[in-house]
Amino acid sequence: MDKKGVGGKLAALGLLAVFVIYIGLQVAINLRDRIETQDAAVVTVEDKLQGEGVFFREQTVLDHISGKNAEYLVANGEKVSREQQVAMFFDDAESIAAYRAYKNAVKEEESLKYAYTHLAGGSDSGKIDSLMFLSMVDLTEELSTGLITAAEQDYADLAQLLVRRDGSKMTEEEYNAASAKLRAEQQSLLQSIKGRSSVVGAPVPGYFVRGCDGFENRLSPATKADITPSLVHEALEAEGAADDGVGSVITGFAWYFAAVFDADEAVALRGQKSAYIRLPQIGNDTLRVSVVGVQHEQDGEAVVLFKSTKMDPAFFQSRQQTVELVRETFSGIKVPREALRQVDGKWGVYCLVGAISRFKPIEWTYQTDSYYLATPAISAAKGLYLYDKIIVRGKDLETGKVVN
């Protein structure tokens, strides 16, 4: 191959490279100049202040017997009457095991009676089989994921279903014999724990809450004026500590919440009669609560006391919680910060109307580092309006300019 042929090919390759570079530059310029828009939409945001706090309420702490095994007789948060038995204490592990076996025997007798009385005709036996299958599925899943406590309950339920299923197939003689055996077992178990247990009753009517954390006397309506940021932090740091005691009976319908906030932020609540708070660890509901007071500034923090009569078992059973104080709510059209421009001393945005850009002045009521909330105009002709196409990105924009 001669030198002229090689030179011609090199020249052709060079021209091709220049052409490719030129096309690439044109594409890049076109992409750079292409506008981006965002539909004008109204959003609502909250100006929130987050803190930590503790619940407290009017309650009577129950006496307990140290060093003994306890078995609760009522559910956590259950309403109880005066002198109702709420817990039993046992001298040793064997006696509490015997008591639990006694309760299982009672349940087994009840299931047997139900099965023999209601299922003997076979009308509901299919339902029992379905419930057993579902219970086994749940039990398998719980065991595979390590949910031991839940699995224990499902296992007990499955055992009761088995008793009901078998009870529906018994003759009268078999049923009477099985019932007598269970009653004898119950009597034997009760006799084995006689003198080895004691009962705790509710001294007053109210709602029973299991366990105590040692702050019941220091955090109460009677001592609310003495609650300081350091006391709240002490109670928060005690979260997860072992309970000491049977529990308590809540006697009032009101609950209080002592929250620690930055002192400069908390002072704004002085004089307010009410506020809106949210307890995200319990739920997403916004609660209107009374502001009892702002007190005891320490190390740049202050305690804000809230009060409410809204009834919910979660409020009775909780001590430590995260709290969100909703200071104000804002609504408006969300305008990205990069879309905001100034024309003739007025702030506003360019909007795409057809293929033409038009400047629309705005006034905002709320802003963050990334966006503003603008007040919607009464019409598209008067300013920024719902569903306008806000130009977020564009080059050399001006009113009346045709843009791509």
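These are my notebook entries on a predicted model of a protein.

**Entry 1: ground rules**

I number residues from 1 along each chain as its sequence is written. In this predicted model, local features need pLDDT of at least 70 and side-chain atom pairs count only at pLDDT 80 or more, while totals for chains, interfaces and linings use all residues; side-chain values use heavy atoms, with hydrogens and water left out.

**Entry 2: the whole protein**

I looked up the helices and strands. The protein has eight helices and 19 strands. Both are DSSP runs, numbered from the N terminus: helices are H or I with at least four residues, strands are E with at least two.

Next I checked burial. Of the 404 residues, 36% are buried. Buried means under 20% relative accessible area, exposed means over 50%, and partly exposed is in between (1.4 Å probe, protein chains only).

The accessible surface is about 23,500 Å². Carbon and sulfur atoms hold 52% of that surface. Accessible areas come from the Shrake-Rupley method with a 1.4 Å probe, and for residues only the protein chains shown count as cover.

Then I looked at contacts (heavy atoms within 4.5 Å). Among contacts with a separation of 6 or more, 77% join residues 24 or more positions apart.

**Entry 3: aromatic rings**

A pair of aromatic rings is described by the distance of the centres and the angle of the planes. Rings of Phe, Tyr and Trp (its six-membered ring) pair if their centres lie within 6.5 Å; planes under 30 degrees apart are stacked, over 60 edge-to-face, and the rest tilted.

How many aromatic pairs does a search of the whole structure find? I found 12. One of them is Tyr72 with Phe208, a tilted pair with 5.9 Å between centres and 50° between planes. Tyr72 lies in strand β3 (residues 69-72) and Phe208 in strand β7 (residues 206-210), so this pair ties together parts 136 residues apart in sequence. Is Phe208 buried or exposed? Phe208 is buried, at 0% relative accessibility. Tyr72 is partly exposed, at 25%.

I also looked up Tyr350 and Phe359. Their ring centres are 5.3 Å apart and their planes are at 65°, so the pair is edge-to-face. Tyr350 is buried, with a relative accessible area of 6%. Phe359 is buried too, at 16%.

Ring pairs also link Phe55, Trp255, Phe257 and Phe315 into a cluster.

Lys334 lies over the face of Tyr371, 4.7 Å from the ring centre. To count, NZ of Lys or CZ of Arg must be within 6 Å of the ring centre and within 35 degrees of the ring normal.

**Entry 4: salt bridges**

A salt bridge is a side-chain nitrogen of Lys or Arg within 4 Å of a carboxyl oxygen of Asp or Glu. My search of the whole structure finds 15 salt bridges.

Arg393 and Glu36 form one, at 3.3 Å from N to O. Arg393 is in strand β18 and Glu36 in strand β1 (residues 36-39), and they are 357 residues apart. Arg393 is partly exposed at 38% relative accessibility, and Glu36 is partly exposed at 40%.

Arg319 bridges to Asp213, with the closest N and O atoms 2.8 Å apart. Arg319 lies in the loop between α8 and β12 (320-336) and Asp213 in the loop between β7 and α6 (229-237), so the pair ties together parts 106 residues apart in sequence. Arg319 is buried at 8%. Asp213 is partly exposed at 29%.

Arg218 bridges to Glu234, with the closest N and O atoms 3.1 Å apart. Arg218 lies in the loop between β7 and α6 and Glu234 in helix α6, so the parts tied together are 16 residues apart in sequence. Arg218 is partly exposed at 38%, and Glu234 is partly exposed at 34%.

Salt bridges with shared partners join Glu46, Lys48, Arg278 and Glu324 into one network.

**Entry 5: a surface patch and a proline**

Which residues form a nonpolar patch on the surface? Val42, Tyr385, Leu386 and Tyr387 do, with about 400 Å² of accessible area together. Patches are made of residues with over 30% relative accessible area and no salt bridge; like charges are joined within 9 Å, nonpolar side chains (Val, Leu, Ile, Met, Phe, Trp, Tyr) within 5 Å. Tyr387 sits in the loop between β17 (371-374) and β18 (389-393). Tyr387 is exposed, at 63% relative accessibility.

Last, I looked up Pro313. Pro313 is in helix α8 (residues 313-317) and is partly exposed at 47%. Pro313 and Tyr207 are 106 residues apart in sequence and 8.9 Å apart in space, C-alpha to C-alpha.
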